[in-house]
Structures are given as structure tokens and as C-alpha cells.
Amino acid sequence: MSYKLFIPGPVEVSEKTYKAMTTPIVGHRSKDFVKLVDSIMPRLKQLFYTNDPVFLSTSSSWGVMEGAIRNVVKKGVLNCCNGAFSDKWYDVSKRCGKEAGELKFDWGKPVCPEALERELSTNKYDAVTIIHNETSTGTMSDIKALSEVLKKFPDVVSIIDTVSSFSAMPIKKDELGIDVMVTGCQKALAIPPGLSFCSVSEKAMKRAETVEGRGYYFDFLEFKKFFEKSQTPSTPIISMLYALESKLDDIFTEGVENRYARHLANNKLVRDWGYAHGFELFPEEKFGSVTLNCFKNNLNVDLPALLDELKKRFKMVFNGGYGKIKGTTFRISNMGDETPETMKELLDNIDTILPDYIKK
């Protein structure tokens with residue numbers, strides 16, 4: 001049974017994208033593959049707002065997130081933690097055998113620039129991880145303010161996760177001075193999971209040259225060597241690259257600025273719906289995500305029962321909260337190919353059944 005996905009990833013995939021994935025496979029060392037990568041790369045770099053390489057990785061985003069730790073951390077890494085996925089990155093850093101510090105904030109709070117500056121001033125770290133848009137709580141940190149802090153510490157390599165914000169809003173990598181910018185295909189790009197991207201600055205590449213134990217599969221130096229030939233170090237997920245090519249066609253046909261405006265309109269529609277019902281946003285409004293809304297379940301909705309009925313009657317699904325705030329929050333995604341019309345259809349369907357599932 002298939003359901004229309006309004007969860008924060010993976011998101012709904014269009015028939016056009018699925019069809020692109022059925023393009024006959026070519027050899028990954030062939031001229032046809034080089035041609036495919038060459039059709040993708042300029043537009044992908046444009047979405048990253050970068051002149052740096054963008055590496056194509058057959059993995060979830062966690063692959064290149066862990067890989068970044070292995071490539072650039074020598075002295076120690078500061079992990080900024082304000083939700084489930086940023087908390088996990090701290091755990092990953094420790095599992096990689098790195099000296100790791102935790103700059104902790106309550107779930108739903110953004111990363112504080114002043115706190116970041118204080119912690120980096122200890123001179124204990126040569127790398128920092130930040131999740132721009134913490135998907136578990138729908139909280140978006142002020143990446144511009146954080147980048148101004150990071151510019152004060154030129155010896156610190158910044159690793160920024162943009163998994164659930166990339167391509168839904170402008171994140172100007174080079175202008176912000178981001179060293180390693182990571183994202184995946186299954187959220188705002190609306191491609192099935194399995195492909196991730198990592199754009200790496202010259203500063204981060206020079207650091208990687210001095211770090212031992214980088215491994216092979218996610219070694220930045222290997223990526224760079226093959227990037228220069230429009231190839232990948234190992235066999236890539238070629239069908240997803242055809243999907244990406246198709247999606248880039250869609251994005252640039254719509255227009256990047258129009259795409260950003262559509263995500264904002266979708267997001268506002270859902271947020272206004274929540275407010276009209278009396279739901280409260282989990283993060284402070286000015287730090288709310290543009291790709292999803294995380295609401296408090298302050299009306300005491302029986303979320304599991306509501307979600308079951310929504311699936312059964314309307315073949316749609318949103319998310320009933322994540323991690324330690326599962327059930328006390330819920331998340332509705334508005335990213336990818338969704339429009340105000342498709343978002344309104346979901347909200348109207350929820351409205352049809354919502355009164356029956358508010359606990360008295």
C-alpha cells in the first residue's frame with residue numbers, strides 16, 4: 001500500500017523522477033557517465049553557491065557526515081547539539097575515535113553564536129559540526145550569524161549539515177565561508193534515498209592531506225581525484241544520478257527563486273493552519289524551519305489513531321514526532337515538489353477527522 005508522504009524525509013517522489021531512474025545504466029568509467037556528471041555538476045554547484053568541488057556519494061548523508069569527521073579532525077571537534085541528529089553527530093565523532101566536545105542546547109533552541117564563540121575561544125578544537133536545520137525539532141539556526149563567528153577562527157574547519165534545508169532556500173556556501181557542506185537527495189530534492197553530496201573547500205582539502213585514518217570510501221582525496229575526471233571513486237548509484245539530472249531540469253525550469261518562494265508559501269500555509277487550530281510551534285517562530293513545521297501537541301491529539309485514520313481514509317501520512325518528543329510534537333513537511341494546493345489537500349483531510357481524535 002502506498003501513501004502520499006508529508007513526513008520530513010524521504011518525501012514524495014514524482015512520476016517524472018521515477019521514470020528518469022529507469023534510464024538504461026551506463027558504465028561508470030564510460031564517456032556516457034562523464035557526460036551525465038558534466039550535465040549535473042554546474043547546476044549542482046549553482047545550488048551550493050560554490051566554486052568548490054561537489055562530491056557525489058552513494059550513501060545516506062550520514063556517510064559523508066562521518067566521512068567529514070574522519071577527514072578533517074586532528075585536534076578535536078566541537079559538536080553543536082540541539083536535537084536528535086546533532087546529538088547523534090556527537091556520538092559519531094566519539095565512535096570515530098576523535099576528541100569531541102558537546103555544545104548543548106535544549107531541543108527546539110537554535111545554536112547560539114555567542115556560545116559558539118566562547119567555546120571555540122578555548123582553542124581545543126580544529127573542527128566544528130552544526131546542523132543548519134535540525135529536522136527532529138523543525139529548528140533552523142541562523143547560519144549567517146554563525147558563519148560570522150566561524151570566520152574569527154580560521155584554523156577551525158566548519159562542517160555544516162544542510163540536509164533538510166538545501167535547495168529550499170539559498171545557502172551561499174562560499175559567501176558564508178562554509179568548509180564542508182553536506183546534504184542528501186531524499187528531502188527537498190525529492191529523490192529516493194541513497195545519494196548524498198559534499199562540497200569541500202580548499203582549506204578542508206589541505207587539512208585532509210594531513211589527517212591519517214581517513215579510510216577509503218569517504219576519503220576526500222579520493223573523491224577529488226575522481227571529481228577532476230567527472231567520475232566517482234567507486235561504483236555510484238547511477239539511476240539516482242539520472243533522477244538528479246531530471247530534478248535539476250525541474251528546478252531550473254521553475255526558477256530557483258520561484259522554488260524558494262514556493263517553499264515559503266507552503267510553510268506559511270501549514271503554520272497558519274496550526275495556529276488557527278491553537279497548536280503552538282515547538283521552536284520559537286523566528287527559528288522555525290522553512291521545510292517543515294514541528295508543532296507541540298498541546299491540544300492532546302491521539303496522534304497514532306489520527307495517523308492511522310488519515311492513512312486508511314486518505315492514503316496520506318505526516319509524522320507523529322521524533323525521538324524523545326515523539327507524541328508530544330508532530331511534524332508536517334512541505335518540501336520537495338509540494339505546492340500550496342497539495343498542502344491544502346492534506347490539511348483539509350486532517351480537518352475532516354481531527355475533532356474525533358482530540359482527547360477530552
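A: A disulfide is a covalent bond between the sulfur atoms of two cysteines. The cut-off used here is a pair of cysteine sulfur atoms within 2.5 Å. This is a predicted model, where local features need pLDDT of at least 70 and side-chain atom pairs count only at pLDDT 80 or more, while totals for chains, interfaces and linings use all residues. Residues are numbered from 1 along each chain as its sequence is written, and side-chain values use heavy atoms, with hydrogens and water left out.

Q: How many disulfides does a search of the whole structure find?

A: The count is 0. C294 is in no disulfide either, with the nearest cysteine sulfur, in C81, 18 Å away.

Q: Are C112 and C294 buried or exposed?

A: Buried means under 20% relative accessible area, exposed over 50%, and partly exposed in between (1.4 Å probe, protein chains only). C112 has 26% relative accessibility, so it counts as partly exposed. C294 is at 0%, so it counts as buried.

Q: Which residues lie nearest the centre of the largest pocket?

A: A pocket is an open set of points on a 1 Å grid over the protein atoms alone, where a 1.4 Å probe fits, with protein on both sides within 12 Å along at least five of seven lines; lining residues have an atom within 4 Å of a point. Here 20 residues line the largest one, and W62, F85, V163, Q186 and K187 lie nearest its centre.
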